[in-house]
Amino acid sequence: MGHGHSDRLAPGEYGAVFEQFEDLEQQNESYVVGMWAFLVTEVMFFGALFWMYSLYRWKHQPYWYEVHKELHIPMGGLNTVILLTSSFTMAMAVYYAQHRQKRAQLMCLGATIACACGFLVVKFFEYKEKIAHHLLPGANFQWHNDKVPAGVAELFFSLYFAMTGLHGLHVIIGILIIGTLAILVHRDSVFVKNDYIPTELIGLYWHFVDLVWIFLFPLFYLMPQ
């Protein structure tokens, strides 16, 4: 249902349309299309790294299988459960935003942030262990398994730290934008009051971050022989 320029609702009112759009449907479609365009660029960004991973794994599969045993599967599994839980709480935040249940929406956003922080804490201890064992690529890298050349092992950990580190950066960005959204919802900002689209767009971003990890976990931690 459209709103003419003469009967536009004020920002913050239910169904309000900003000046540059003809109607609410066009406004919401523009938001969603813009978000999907952004996610496509993110897919291309991560896609280059996944392509590089595939090439080197194809070339060094027996060696990489030996190296991947250094990774901590229970920690990776725990982080998978944490992110899947956060996807559920984020989806519920969108649901409550659509039904304008502010308190429940805020609780779900808070739970999503808590899960994201939990993921980073687990990742911190995992990185700490790898660094303590001199598995961080660089001048201090050390490898003592004679079954695998040191250069191949360092290549594996280079991609491991690059891809999981980039994913971790996206988790941190997610915490910041979900936290900002929670503050705006708490303050009844005109940008989110009576409008579920901002929550839905941020939810799309968060589901994308979770999806990337769903690929990273089996590729690095559950590598078949």
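## The second largest pocket

In this predicted model, the lining of the second largest pocket splits into 4 nonpolar, 2 polar and 5 charged residues. For that tally, Ala, Val, Leu, Ile, Met, Phe, Trp, Tyr, Cys and Pro count as nonpolar, Asp, Glu, Lys and Arg as charged, and the others, Gly among them, as polar. Among the lining residues are Arg-100, Lys-102, Asp-188, Lys-193 and Asp-195, along with Gln-105, Asn-194 and Tyr-196. The space in this pocket comes to about 160 Å³.

How is a pocket found? Rolling a probe the size of a water molecule over the atoms shows where empty space is left. On a 1 Å grid over the protein atoms alone, a pocket is an open set of points where a 1.4 Å probe fits, with protein on both sides within 12 Å along at least five of seven lines, and lining residues have an atom within 4 Å of a point. Grid points are joined across faces, edges and corners, and the volume is the space filled by probe spheres set on the points.

## Ground rules

Residues are numbered from 1 along each chain as its sequence is written, and side-chain values use heavy atoms, leaving out hydrogens and water. Since the model is predicted, local features need pLDDT of at least 70 and side-chain atom pairs count only at pLDDT 80 or more, while totals for chains, interfaces and linings use all residues.

## The largest nonpolar core

Now for the inside. The largest nonpolar core has 56 residues, and those touching the most other members are Trp-143, Phe-156, Phe-157, Tyr-160, Met-163, Trp-206 and Phe-220. The helices here are DSSP runs (H or I, at least four residues), numbered from the N terminus. A nonpolar core is a set of buried Ala, Val, Leu, Ile, Met, Phe, Trp, Tyr and Cys residues joined through side-chain atoms within 4.5 Å. Buried means under 20% relative accessible area, exposed over 50%, and partly exposed in between (1.4 Å probe, protein chains only).

Take Trp-143: skipping residues up to four places away in sequence, it touches Val-67, Glu-70, Leu-135, Val-148, Pro-149, Ala-150, Ala-153 and Phe-157. Contact here means heavy atoms within 4.5 Å.

Thr-112 sits in helix H3 and is buried, at 0% relative accessibility. Beyond its neighbours within four places in sequence, Thr-112 is in contact with Ser-86, Thr-89, Met-90, Ile-178 and Trp-206. A polar atom of the Thr-112 side chain also lies 3.4 Å from the backbone nitrogen of Met-90.

Thr-80, in helix H2, is buried as well, with a relative accessible area of 11%. Its side chain reaches the backbone oxygen of Gly-76 at 2.9 Å. Setting aside neighbours within four places in sequence, Thr-80 is in contact with Trp-213, Ile-214 and Phe-217.

## Positive phi in the loops

Most residues other than glycine have a negative phi, and most peptide bonds are trans. Arg-100 has a positive phi of about 50 degrees without being a glycine; look for Arg-100 in the loop between H2 and H3. His-134, in the loop between H3 and H4, has a positive phi too, near 60 degrees. His-134 is partly exposed, at 33% relative accessibility.

Key. Helices (H or I, at least four residues) and strands (E, at least two) are DSSP runs, numbered from the N terminus. A polar contact is a pair of N or O atoms within 3.5 Å; within protein, one must be able to donate a hydrogen and the other to accept it, and residues adjacent in sequence count only if both atoms are side-chain atoms.
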